[in-house]
Amino acid sequence: MSRIDTPRHPTALLLIDAQQSFRARPYWTETDAPAWLAATNRLVAGCAARGIPVVQVFHTDGPDTPDNPFAHASGLVHPIDGLAPFDAALRIDKHRHSALVGTGLGVWLHAHGVQRLVIAGIRTEQCCETTTRHASDEGWQVDYVTEATLTFDMTTPAGDTLSAAQIRERTETVLAGRFATIRTVDEALAAASGDTP
């Protein structure tokens, strides 16, 4: 965990697993990546302009060997190509799906008076959704910015294909009104600025 001095703000952006590791996975596709990167860069820049701290989360697990893209030894646990540089208020490595497990992130958020979390990153239905559910259960208000999350087609247990678009829709459906407010980039920035509930 590394951090810089951070001004207090009631909102923080959690940018989850936006790392080069994913480009080494066989399911990686560029299909949705450009739109996701554009939305993510706009969200990060908007937060920076408003003094909203950005927490950069990286996922690491498995053997620390060069052939494991989620190991530091691979050289791939760094911001994904195309992500504009920014000053993170906090950088953490996580080893579970939720960014709040075993990272000290919750302590940091409470210490900085954060009450609302904005969620973005990779993957929509996995670490982003899991962190959202965990954060909601812990008492944070959560804005889930689907357009700034990325995922990929999956094969169901029955052998059918579930498209990335269907996964995003499913995630919005199960989170909305229960664990999070589904927002666009512009809506999330407005909410964090106090311009909307």
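Tutor: Let us begin with a term: helices (H or I, at least four residues) and strands (E, at least two) are DSSP runs, numbered from the N terminus. By that count, the protein chain has 5 helices and 9 strands, and from the N terminus on they follow the order β-β-α-β-β-α-β-α-β-β-β-α-β-α. Please keep in mind that this is a predicted model, in which local features need pLDDT of at least 70, side-chain atom pairs count only at pLDDT 80 or more, and totals for chains, interfaces and linings use all residues. Residues are numbered from 1 along each chain as its sequence is written, and side-chain values use heavy atoms, with hydrogens and water left out.

Now the setting. The C-alpha atoms of the protein chain fill a box of roughly 45 × 35 × 30 Å along the principal axes. Of its 197 residues, 49% count as buried (under 20% relative accessible area; exposed is over 50%, partly exposed in between, with a 1.4 Å probe and protein chains only). Contacts are heavy atoms within 4.5 Å; among those between residues at least 6 apart in sequence, 77% join residues at least 24 apart.

With that in place, here is your part. Two rings of Phe, Tyr or Trp (its six-membered ring) pair if their centres lie within 6.5 Å; planes under 30 degrees apart count as stacked, over 60 as edge-to-face and the rest as tilted. The whole structure holds 3 aromatic pairs. One of them joins Tyr27 and Phe152, a tilted pair with 5.2 Å centre to centre and 40° between the planes. Tyr27 lies in the loop between strand S2 (11-16) and helix H1 (33-49), while Phe152 lies in the loop between strand S6 (141-150) and strand S7 (154-155), so this pair ties together parts that are 125 residues apart in sequence. Tyr27 counts as partly exposed, because its relative accessibility is 29%. Phe152 has a relative accessibility of 1% and therefore counts as buried.

Phe152 also pairs with Trp28: this pair is tilted as well, at 5.4 Å centre to centre and 55° between the planes. Put together, Tyr27, Trp28 and Phe152 form one aromatic cluster.
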